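User: I would like to learn how to read the arrangement of domains and the packing of helices in a protein chain. Could you take me through an example?

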Amino acid sequence: MKTVTCTAPVNIAVIKYWGKRDTGLILPTNDSLSVTLSQDILHSKTTISAAKEYSHDRLWLNGKEEDITKNKRMHNCFRETRALRQQLEQDAAQRGETLEPLSSYHVHVCSENNFPTAAGLASSASGLAALVFTLAKLFDLTNNMSELSRIARQGSGSACRSLFGGFVAWEMGSKDDGSDSLAVQVAPETHWPELEALICVVSDEKKGTSSTEGMQHTVNTSPLLQHRIKEVVPVRMAEMKKAIHERDFQTFAALTMKDSNQFHAVCLDTYPPIFYLNDTSRAIMKIVHEYNATSPDGKLKAAYTYDAGPNAVIYAPKENMREIIQLIAHYFPGSADNYFVDPYKLFTSTQDLVSDFKPAGHAAFNENSIPVFPAGSVSRLLHTKTDDGPRVLGQEESLLNEQGLPKRVSA
Ligand SMILES: Nc1ncnc2c1ncn2[C@@H]1O[C@H](COP(=O)(O)OP(=O)(O)OP(=O)(O)O)[C@@H](O)[C@H]1O
Ligand SMILES: C[C@@](O)(CCOP(=O)(O)OP(=O)(O)O)CC(=O)O
């Protein structure tokens with residue numbers, strides 16, 4: 001039996017992917033670009049073992065066994081990585097060497113997300129990236145990350161971007177077979193370490209309309225999406241890459257907010273419309289604009305973005321983060337002890353977090369621009385930053401025991 005354990009990060013797009021031109025191969029209707037967030041805060045952890053004794057492929061997700069017989073996307077990832085392994089085995093045989101025939105073995109996959117699954121926190125991205133990366137390590141594949149991203153893409157589109165750290169573009173490609181639709185790193189995490197993120201968890205419930213389903217309704221009914229694909233995204237992609245290369249937060253922030261807004265506009269333009277934002281999401285947008293508008297030098301200090309759900313992700317330079325956290329904690333107070341995750345020790349206590357709130361330290365800030373929301377409207381604040389791509393862990397981190405069964409199962 002061979003066993004490997006890895007983690008993969010979440011990525012949050014600043015130029016959104018929304019729409020497929022091929023639903024089977026998962027080929028998008030536009031390029032997209034994302035920031036990879038630290039695995040220290042959010043990650044999928046996956047252990048895979050291969051053994052000739054196994055009778056079928058099995059998956060345990062968050063402690064529960066899932067029926068994967070009909071999971072076409074997962075099978076795509078198994079099929080593609082096994083084909084690459086088989087090639088390695090054949091090449092070795094031609095050289096007169098023997099590689100263990102792992103490509104013919106079944107696998108046991110055990111995966112855990114350290115955050116809610118299917119709640120718009122990009123679990124499919126980290127989960128499928130962890131699956132493909134772990135399979136690649138298990139099979140000793142020599143392919144580079146962009147090649148592997150083609151496989152991860154077939155598990156979930158946004159997963160292809162989670163194979164890299166830092167700033168990552170998914171190039172849509174033009175070929176019918178999808179061979180040129182893959183992720184490339186625009187800049188590594190070390191390029192712009194000052195860029196941080198605050199995830200405001202507005203809801204961690206499973207969402208009503210999945211991204212997969214929602215985006216095809218948009219493709220089929222939204223005229224605005226056609227304008228976005230043809231006219232807007234190509235220009236924004238070029239501007240966003242330049243902004244990242246130049247660490248130009250002004251351009252980065254404006255484009256991030258506009259692109260999030262346009263994504264939610266095409267959701268509204270879908271017929272019947274799709275709504276992912278709620279009143280709390282909209283209030284966070286308003287307060288970020290108020291905060292930016294009253295910045296003493298007129299410069300943008302923060303940018304929000306929302307995926308297919310009400311949770312906000314606020315990107316900002318490190319120097320503004322303390323103030324932003326205080327701002328959000330003031331208007332959206334927590335109701336639970338685990339409200340704020342403070343890995344970078346910005347605050348000495350919860351008291352410190354709420355007591356010295358001075359909105360942007362600026363007289364023009366309209367404190368009544370939104371009301372203070374009921375406690376718990378934002379259930380958690382997770383402070384994080386841009387960070388590296390998937391990591392290989394030691395055997396002691398394995399989620400599977402020596403029989404290839406999960407060490408922990410949930411009821
Ligand atoms: N760790 C994991 N390993 C394997 N598959 C996973 C893992 N985590 C999530 N998934 C798959 O991804 C699905 C959730 O994807 P979905 O797109 O609905 O939610 P999301 O990724 O949280 O939201 P979004 O992509 O819109 O931000 C799960 O039902 C499961 O099939
Ligand atoms: C709003 C988004 O987060 C959409 C993500 O969609 P998915 O990658 O979850 O969809 P599938 O390819 O059908 O699995 C925007 C983005 O991440 O770019």
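This is a predicted model: local features need pLDDT of at least 70, side-chain atom pairs count only at pLDDT 80 or more; totals for chains, interfaces and linings use all residues.

User: Which domains does the assignment give, and how far apart do their C-alpha centres lie?

Analyst: The domain assignment gives domain 1 as 2–187 + 393–397 and domain 2 as 195–385, and the C-alpha centres of domain 1 and domain 2 are 28 Å apart.

User: How many residues are in contact between the domains, and which elements contribute on the side of domain 1?

Analyst: In this model, 27 residues of domain 1 are in contact with 37 residues of domain 2. The elements giving two or more residues to the side of domain 1 that touches domain 2 are strands S2 (11–15), S5 (32–36) and S11 (182–187), and S2 gives the most, with three residues. By residue class, this side of domain 1 divides into 17 nonpolar, six polar and four charged residues.

User: How should I describe two packed helices?

Analyst: Two packed helices are described by the angle between their axes and the distance between those axes. Here the axes of H5 (residues 223–245) and H6 (residues 249–269) come within 10 Å and cross at roughly 165°; since angles over 145 degrees count as roughly antiparallel, H5 and H6 are therefore roughly antiparallel to each other. The crossing of H5 and H6 is left-handed.

User: Which residues meet in this contact of H5 with H6?

Analyst: Among them are Leu224, Leu225, Val232 and Met240 in H5, and Phe252, Leu255, Ala265 and Val266 in H6. The residues of the contact of H5 with H6 divide into ten nonpolar, two polar and five charged.

Note on methods
Residues are numbered from 1 along each chain as its sequence is written. Chains are lettered from A and ligands numbered from 1 in the order in which they are written. Domain bounds come from an automatic or database domain assignment. Two residues are in contact if their C-beta atoms, placed from the backbone, lie within 7 Å. Helices (H or I, at least four residues) and strands (E, at least two) are DSSP runs, numbered from the N terminus. Ala, Val, Leu, Ile, Met, Phe, Trp, Tyr, Cys and Pro count as nonpolar, Asp, Glu, Lys and Arg as charged, and the others, Gly among them, as polar. Axes are lines fitted to C-alpha atoms, for helices over the stretch in contact, and angles run from 0 to 180 degrees between N-to-C directions. Angles under 35 degrees count as roughly parallel, over 145 as roughly antiparallel, 65 to 115 as roughly perpendicular and the rest as oblique. A crossing is left-handed if the near helix is turned anticlockwise from the far one by less than a right angle, and right-handed if clockwise.
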